[in-house]
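Please keep the sequence and the structure in view while reading.

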Amino acid sequence: MAAVISIRNLAKTYADGFEALKGIDLDIEEGEILALLGPNGAGKTTLISAVCGLVNPSAGTVTVGGHDIRSDFRAARGLIGLVPQEITIEPFERVINTVNFSRGLFGSPPDDAYIERVLRALSLWEKRNNRNNELSGGMKRRVLIAKALSHQPRVLFLDEPTAGVDVTLRKEMWALVRELRAEGVTIILTTHYIEEAEEMADRIGVIDHGRLLLVEEKVRLLHQLGRKELVLELGEPLAAVPDSLAGYGLSLAGDGLRLTYEFDSHAERTGITRLMGDIAAAGLSLRDLSTRQSSLEDVFLKLVGDGREDAA
């Protein structure tokens, strides 16, 4: 699949010497959903701002649809829709005028049918004649999304789009995202709701301290870095893990009633059979056992932790 966005050696250093981006290389494929994860201050918003032409990079290149974001800004920016974190809309303008005005800014001709479709998809049609300052915070965020979609972009950036919104809007937004992806729109989102990235994204990028730690297909990422845990519920509490079981790296819960064993489910030998034999030999009685697959959040925390240790 062809890359709609190509980023090469992208760097941004501010006047005070702070390096927000450090040599980012990334290709974003047409029609995919890419989730960018990272802690606050990791560089997610700076990266989006650089691609959208809102921040001038210190080094590197960005092309969108083959257009350089600096030398051919108008053509590149015309392919992009951006939903920023901050709610920035004219408070006294009416909703429908706000969205139509955004469409006109990109030089797109009027299309009442398309604008109606967008507003209906975002449950804004009944509010189209309301002034923006009459709307709730969640409704204002819907207006931001409608503005970003007004000129029918090929690429949509969603920077923390569900921060502070209700569950209903979140579900409606992701339904719209799926519909847009089905139509070939490329979607890049940043989110603090890791479960959303796990559900929605085709690929996951993890960024920290201005460096892109990895970009990988979601399924492959979980396969490569994900771990499983075997949780053993004990019949009697333990004060400590028996010496005969010390080689398994078991962790004991505070109440002494639960042992946890971490293993690689894809390894040729998991060690579970030998562990169970040694548990029986140690005279421990089991009430129950269960397994848990590592989530994307577990993987994310491990990567960011590793990255912060490297940076220290």
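## Surface and burial

Accessible areas come from the Shrake-Rupley method with a 1.4 Å probe; for residues, only the protein chains shown count as cover. The chain exposes about 15,500 Å², and carbon and sulfur atoms supply 48% of this area. Of the 312 residues, 46% are buried (under 20% relative accessible area, whereas exposed means over 50% and partly exposed lies in between; 1.4 Å probe, protein chains only).

## Basis of the model

This is a predicted model, in which local features need pLDDT of at least 70 and side-chain atom pairs count only at pLDDT 80 or more, while totals for chains, interfaces and linings use all residues. Residues are numbered from 1 along each chain as its sequence is written, and side-chain values use heavy atoms, with hydrogens and water left out.

The mean pLDDT (the predictor's confidence in each residue, from 0 to 100) is 87 for the chain, and 89% of the residues reach 70 or more.

## Nonpolar cores

A nonpolar core is a set of buried Ala, Val, Leu, Ile, Met, Phe, Trp, Tyr and Cys residues joined through side-chain atoms within 4.5 Å. The largest one has 42 residues; Leu119 and Ile187 are among those with the most contacts inside it. Apart from this core lies another, of 27 residues, including Val4 and Ile207.

Leaving aside residues up to four places away in sequence, Ile187 touches Leu156, Leu158 and Val177, among others (contact means heavy atoms within 4.5 Å).
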